[in-house]
Amino acid sequence: MLEPSILTASLVHGLANGAVYALVALGLSLVYGVLHIINFAHGALLMAALYAVYFLVDRAGLDPYAAIPILVPAAGAAGYVLHRWVVAKASRGREEAVLLVTLGIALVLENLALALFRSDTRTIETGWAFAMVAVGPALLPAAKLAAAAGALVAVALLWALVRATDLGRAIRAVAKDREAARLVGIDVEHVFALAFAIGTATLGAAACLLLPTYYVSPQVGHGFVLIAFTIVVLGGMGSFWGAFWGGLLIGVVESLGGLFLGESLGQIGIFAIFIATLLLRPTGLFGRAV
C-alpha cells in the first residue's frame, strides 16, 4: 500500500505537468479550430522556443520566468511571419498542402538545430532549482508548482482573449464559417496568421515554464507533440476546454502510470486512453458529433 504522501505528490505532480501540457495542446487546438489542419511543426517550434529560453538564460543571464515578456511576443511575431509568408504562400490555400508545409518546417528546424547544437541535451541552473514546497503531506519542487501556476494564468488569458475581445470574436467567426466571415468584412488570411501566431506564442510561454525543470535538445519536441495531439483528440478537436481538461487528465495518468508501472512504462496509459477515445468516442470528450 502506497503512503498517502507519495500518492498525493504523484497526483499534484501530474496536475502540474498536465497544466503545462494543456497550454501546449491549446496552441495546437486553436490552430486546428481556425485553420482545420494539424500543425506538424508544433513540436519543432516548441524546441526552438526552448533553445531561445536557454540562450536568454545562459548568455544574457535572465531568469527563465523573466524571459516570458520577451519570448511570448517574439514567438507570436515569428508565428505570424511563418504563416503569412511561408505556410500560406507555399500551400496556396490547399489544406493538404499546409500539412506538408508544416511537416517541412519541422524537418528544417530540427535538422538546423542538430547542425548548430548537435544532439546534446542542455539544461539551465537557477538559484531556486532545488527549493521545495509542502503540499499537504508531500514535498514538491517549487519550480514545478510555479510552472503549473504560470500555465493556468496563461490559459486564463488565452480564454479571455478568445471570448472577450474583437480578435477573439473574429477568430471564432472564421472557425465557424470562413466564407461568411469574409462576407462581413473580416480579413480571413490575417486571422489565420494571427491564430497561428497565438498558437506559437503559447509555446513561448510553455518553454519559459518548462526549462527550469526540463531540458532542450533538437528532438525534444517529438514527445510533446505526441502528448499534445493525444490531448486534442481526447478533449475534442478544436475544443478549448477539451484541451484544458484533457491536459490535466493526461498529466495525472502519466504520473500515476510512472508511479505504478515505472518510469519507462508510465506513458502506456496515455496511448491506451488515446486508442480507447478513438474507438469509443471519436469526437472526444467535449467534441460534438457531426
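Modeller: Lys and Arg count as positive and Asp and Glu as negative, while His and the chain ends are not counted. The place of a charge is taken as NZ of Lys, CZ of Arg, CG of Asp or CD of Glu. In this protein, the mean positions of the 16 positive and 15 negative charges lie 9 Å apart. The model is predicted: local features need pLDDT of at least 70, side-chain atom pairs count only at pLDDT 80 or more, and totals for chains, interfaces and linings use all residues. Residues are numbered from 1 along each chain as its sequence is written, and side-chain values use heavy atoms, with hydrogens and water left out.

Biologist: How is a pair of aromatic rings described?

Modeller: A pair of aromatic rings is described by the distance of the centres and the angle of the planes. Rings of Phe, Tyr and Trp (its six-membered ring) pair if their centres lie within 6.5 Å; planes under 30 degrees apart count as stacked, over 60 as edge-to-face and the rest as tilted. By this rule the protein has 14 aromatic pairs. For Trp-159 and Phe-240, the ring centres are 5.0 Å apart and the planes stand at 55°, so this pair is tilted.

Biologist: Which parts does the pair of Trp-159 and Phe-240 tie together?

Modeller: Trp-159 belongs to helix α5 (residues 142-164) and Phe-240 to helix α10 (residues 240-261), so the pair ties together parts 81 residues apart in sequence. Helices here are DSSP runs of H or I, at least four residues, numbered from the N terminus.

Biologist: Which residues form one aromatic cluster with Trp-159?

Modeller: Phe-240, Trp-241, Phe-244 and Trp-245 form one cluster with Trp-159.

Conventions:
Helix = DSSP H or I, 4+ residues; strand = E, 2+ residues; numbered from the N terminus.
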